[in-house]
Amino acid sequence: MIRLPTIEHASGLVQEVQSGARVASRVTVKAVIWEGQRLRLLHSPRWSCYKFAGGGTETGESHAVALARELREELGAELLELGLPLLTVTELSWAQEAAADVFQMDSFYYPCQVRLGQHPPTLEAYEAELGLTPCLVTPAQAATANARAQAQAAAPRWLRREVAVLRALEQVG
């Protein structure tokens, strides 16, 4: 498994964690769905960018169960096969919770085989607002588009993570 460098959304957060800051954490799981040389990703016309299908695990939920739920919700797909994690990345930002100083999100990217068209997608409000629709794109095309989108004012913070993941997948693809 490839471990990408920690992404700090504000400088000094790694040092804060190492110094004993109170950390609130979340785990997310993402689907890496190859179809030939292209990836099945979610496209946002609002930002002209791409993101991997997936989301946060709920309390007590396994990565496989969480990913199956997210694929059903975002792609209308059934998870057929889940491989071993390809890569992981940790993101740090200032916590919004009063009980924590730093928010840590650990994202795990899994190779998946899916059966599409099994359910109608049921996007969450923020996903619908982004206009997320499934598409096929090469990692290089998605990384380039995401890097462009990242340069826009008020661009989503997750673009930084997705660019790093896409660049890593270009190397192992």
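Arg157 sits in the loop that links α4 (139-150) to α5 (158-172); helices here are DSSP runs of H or I with at least four residues, numbered from the N terminus. The model is a predicted one, in which local features need pLDDT of at least 70 and side-chain atom pairs count only at pLDDT 80 or more, while totals for chains, interfaces and linings use all residues. Residues are numbered from 1 along each chain as its sequence is written, and side-chain values use heavy atoms, with hydrogens and water left out.

With a relative accessibility of 48%, Arg157 counts as partly exposed (buried is under 20% relative accessible area, exposed over 50%, and partly exposed in between, with a 1.4 Å probe and protein chains only). Leaving aside residues up to four places away in sequence, Arg157 touches His9, Glu91 and Ser93, where contact means heavy atoms within 4.5 Å. With Ser93, the side chains form a polar contact at 3.5 Å, that is, a pair of N or O atoms within 3.5 Å, one able to donate a hydrogen and the other to accept it.

The axes of α4 and α5 come within 9 Å and cross at roughly 155 degrees, the axes being lines fitted to C-alpha atoms over the stretch in contact, with angles from 0 to 180 degrees between N-to-C directions. This makes α4 roughly antiparallel to α5, a label given to angles over 145 degrees. Residues making the contact include Pro139 and Ala140 of α4 and Leu159 and Arg160 of α5.

Key. Helices (H or I, at least four residues) and strands (E, at least two) are DSSP runs, numbered from the N terminus. Angles under 35 degrees count as roughly parallel, over 145 as roughly antiparallel, 65 to 115 as roughly perpendicular and the rest as oblique.
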